Amino acid sequence: MTLDKLPIGAVASITHVGGEGALRLRLLDMGLIPGTSVKVQKVAPMGDPIELTVRGYSLTMRLEDARKIEVTQDAAAKSARREAVK
């Protein structure tokens, strides 16, 4: 799954950072490194951009860039959501 598909409040771990050249380096410099946990905080009214929490800070990112980051949703977050729905 890619980062742009995560719902608000979801927590995931980055598995791969795509892109090429300067874009990929910029994403890595912002702390979007494989193994890092990210949480979707907000989505703009028109759906773009999204606000994330990464390494204790807020980061706003365009959906176009978020599509280049592959994530795996954390098992603990998935089970917590299931419990909240019950």
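The side chain of Asp 4 makes a polar contact of 2.4 Å with the side chain of Thr 2, where a polar contact is a pair of N or O atoms within 3.5 Å, one of which, within protein, must be able to donate a hydrogen and the other to accept it, residues adjacent in sequence counting only if both atoms are side-chain atoms. This is a predicted model, in which local features need pLDDT of at least 70 and side-chain atom pairs count only at pLDDT 80 or more, while totals for chains, interfaces and linings use all residues. Residues are numbered from 1 along each chain as its sequence is written, and side-chain values use heavy atoms, with hydrogens and water left out.

**Surroundings of Asp 4**
- A second polar contact, of 3.4 Å, joins the side chain of Asp 4 to that of Arg 67.
- Asp 4 lies in the segment before strand S1 (11-17), strands (E, at least two residues) and helices (H or I, at least four) being DSSP runs numbered from the N terminus.
- Asp 4 counts as buried because its relative accessibility is 15%, given that buried means under 20% relative accessible area, exposed over 50% and partly exposed in between (1.4 Å probe, protein chains only).
- When neighbours within four places in sequence are left aside, Asp 4 is in contact (heavy atoms within 4.5 Å) with Leu 63, Ala 66 and Arg 67.

**Chain and sheet**
- The protein chain has 3 helices and 5 strands, and from the N terminus on its elements follow the order β-α-β-β-β-α-β-α.
- The strands form an open sheet of 5 strands in the order S4-S3-S2-S1-S5, with antiparallel pairing, two strands being paired if DSSP finds at least two bridges between them.
- S4 and S5 stand at the edges with a single partner strand each, so one side of each is left without a neighbour in the sheet.
- S1 and S2 pair in the antiparallel sense over 3 bridges, with Ser 37 in S2 as the bridge partner of Ser 13 and Val 11 standing opposite Lys 39 in S2.
- S2 and S3 run antiparallel and are joined by 5 bridges, and the bridge partner of Lys 42 in S3 is Glu 51.

**Turns and backbone geometry**
- S2 and S3 form a hairpin with 6 residues between them, and Gly 47 in the turn has a positive phi of about 95°.
- Arg 55, in the loop between S3 and S4, has a positive phi near 55° although it is a residue other than glycine, and with a relative accessible area of 54% Arg 55 is exposed.
- Most residues other than glycine have a negative phi, and most peptide bonds are trans.

- With neighbours within four places in sequence left aside, the residues in contact with Met 61 include Leu 3, Leu 32, Pro 49, Ala 66 and Ile 69.
- Of the 86 residues of the protein chain, 30% count as buried.
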